[in-house]
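This report describes selected features of a protein model. The sequence and structure are shown first.

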Amino acid sequence: MATSLQPDQDASPPVVLSGSPKEPKKHRDPDSWRSRLYRIDLKATPYVYVAPFFLVFAAFGLFPLVYTGWLSLQKVELGGEAEWRGLDNYIRLWDSDFFWNALANTFTIGLISTVPQLLMALGLAHLLNYRIRGRGFYRVAVLAPYATSIAAAALVFAQLFNTDYGLINQLLGYVGIDAVNWETEKWPAQIAISTIVTWRWTGYNALIYLAAMQAVPNDLYEAAALDGASRFRQFISITIPSIKPTILFTIVVSTIGATQLFGEPLIFGGSLGIGGGSGNQYQTLSLLMYEKGWITGALGQASAIAWVMLLLLLLIGLVQYLLGRSGRGKKKDGAARS
Amino acid sequence: MTQVLNRPAPAHGRPPAPRKRFGTKAGRQHHAGPFTYILLGFAALISLFPLYWNLVAASHTGERVVQAPSPLLPGKELFNNLSIAWNQVDMGEALINTTIVAGAVACSTVLFATLAGFAFAKLEFKGRNVLLTIVVATMTVPPQLSVIPLYQLITDFGWVNQLQSVILPSLVAAFGVFFMRQYLLEALPVELIEAARVDGAHSLRIIWHVVFPVARPAMAVLGMLIFVQAWNDFFWPFIALTPDGSPTLQVALAGLGSGNHTINHAIVLTGALIATLPLLVVFAVLGKHIVGGITSGAVKS
């Protein structure tokens, strides 16, 4: 704890003070250990304050990260001895259809959950930015899914999407669409899982956008209105460019989330969840990693998948960084938020 | 809410001239038309319906839930289902476990994040910017990268199914550090700290008497956000805790949904309801503050 650094600032040592009990020491002796302690206090405390984060990260983030990289070069079973294999695990992934399938699924599910989610959040934020009655209600209502856990949401949606008795197929039936096989067919299943993700996060993103929209200066809109720009035009030409840093931020966060997708497909699939459905049609990288590590017991393979995920994220991050940089040149306000 | 009606009638079509409304934070906003209300109502319906339907399903028998057409109004079995779910799968214990985990994680994250956020926002020290960059960068490291060594670690320590295996890795979060920094950057005047220093206050005193009081609103919001997150966390708890040991609600739910024997879906959804309801109640009561926290801008990068 940080407390130990500053033990005696109030309780001064009796030895020094014994001659003149009442007089504050610092007036008499400015260069005493006390003022030195004060300087140490000033210099050291920042590190003490940030230390817990870095200690926890080192122990539960950095060390495991490196160790996972080390494991990915070995053949290791749960509880067994490690055996050096070099890049073998990665080569086996490269040759594995399951890996490419999981990679493709992660990508497509990520795309069909992130893109509609952020677009709808933008629209929703725009609507919430109007002068509306009962806006508190709407804001809390669209945020309610955020309070729902992955597990609970996936269980409810698994029922709603049930092929035989699910409410969604019943609704589709009313408009004359045949029952969709949301569980066993590839695209419907991926759409169903993306729906869970989208449902949980759209309102949250909408509120983040709303916050950014409310910081856009009013003059811009007034000038545009004077020039005869329609509201839609104002939205496209003023709102979107003004909140671009926020949009970029949500894209980054959603991409990271999509890369790690695990709970939704797992629970949506019920007893078939770990394999990502009967034909692995929605097995994501995380699911494959769990299956390799904890069902098959091949921890080296699982570690290799984890590292591929990190490389993937770094790659995506790099692309986004380059995109963000190329867009910054023409905008002066790019540095407005740091 | 009649004050809206007293304003000049909203122009349908284009406003005749740009209206200046200073002093309101919603100054630039147009009045909403009926179309806006329809869309917003639709969004609210979609957001709330699955939660409502969860309640409906939890109040019918297992046979009724899996019959088409689906029930749309609450039935009479809620309390029966609750008692079955409560006893059969020990939702009570899971509820307590989840509360302990989320409470501990929220408290420690708020404490450490406030200290670190304060240091990053207001204190000068060597390497500050580098360290802050590292904090932000750690947000992108997926938890998948650390679960295997962590799992080996907790196996060696005999911590499988022990709650500390879930609590310890979450003691502090990069998001929280960043959140508090953003807030304190603006909310805490440097003069306040300097004045306290001149008066001879040492660091702990400054934390206790200056930083904490100023940071309190953000601490409350961060605490709620982290609590929600920890309550709903799934990936690592699913690995570290088993449904048969001492699970959190989410792990217990995953066990409920994937059993090999015939599943009573009404009971499963009752479990989901138990897992969701406490947070929904919190949201209903504190919703405005949570919304305010998310929209306060501190979440943005």
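The model is predicted. Chain B contains 14 helices and 0 strands, and its elements, read from the N terminus, follow the order α-α-α-α-α-α-α-α-α-α-α-α-α-α. Of its 301 residues, 51% count as buried.

For chain A, an unreviewed UniProt entry lists residues 46-67, 102-128, 140-161 and 304-323 under "transmembrane region". The table gives the geometry of two of these spans.

| Span of chain A | Distance between end C-alpha atoms | Helix and strand content |
|---|---|---|
| Residues 46-67 | 30 Å | 100% helix, 0% strand |
| Residues 102-128 | 37 Å | 100% helix, 0% strand |

Helix H7 of chain A covers residues 150-160. Because 11 of its 11 residues are buried, this helix is largely enclosed by the rest of the structure.

B:Lys126 is located in the chain B loop that joins helix H5 (91-122) to helix H6 (128-138). The relative accessible area of B:Lys126 is 74%, so this residue is classed as exposed, the cut-off for that class being over 50%.

Technical notes. Residues numbered from 1 in each chain as written. Chains lettered and ligands numbered in written order. Predicted model: local features only at pLDDT ≥ 70, side-chain atom pairs only at ≥ 80, totals over all residues. Heavy atoms only, no water. Helix = DSSP H or I, 4+ residues; strand = E, 2+ residues; numbered from the N terminus. Buried < 20%, exposed > 50% of the residue type's maximum accessible area, 1.4 Å probe, protein only. UniProt positions renumbered as here; feature names shortened; annotations may be inferred.
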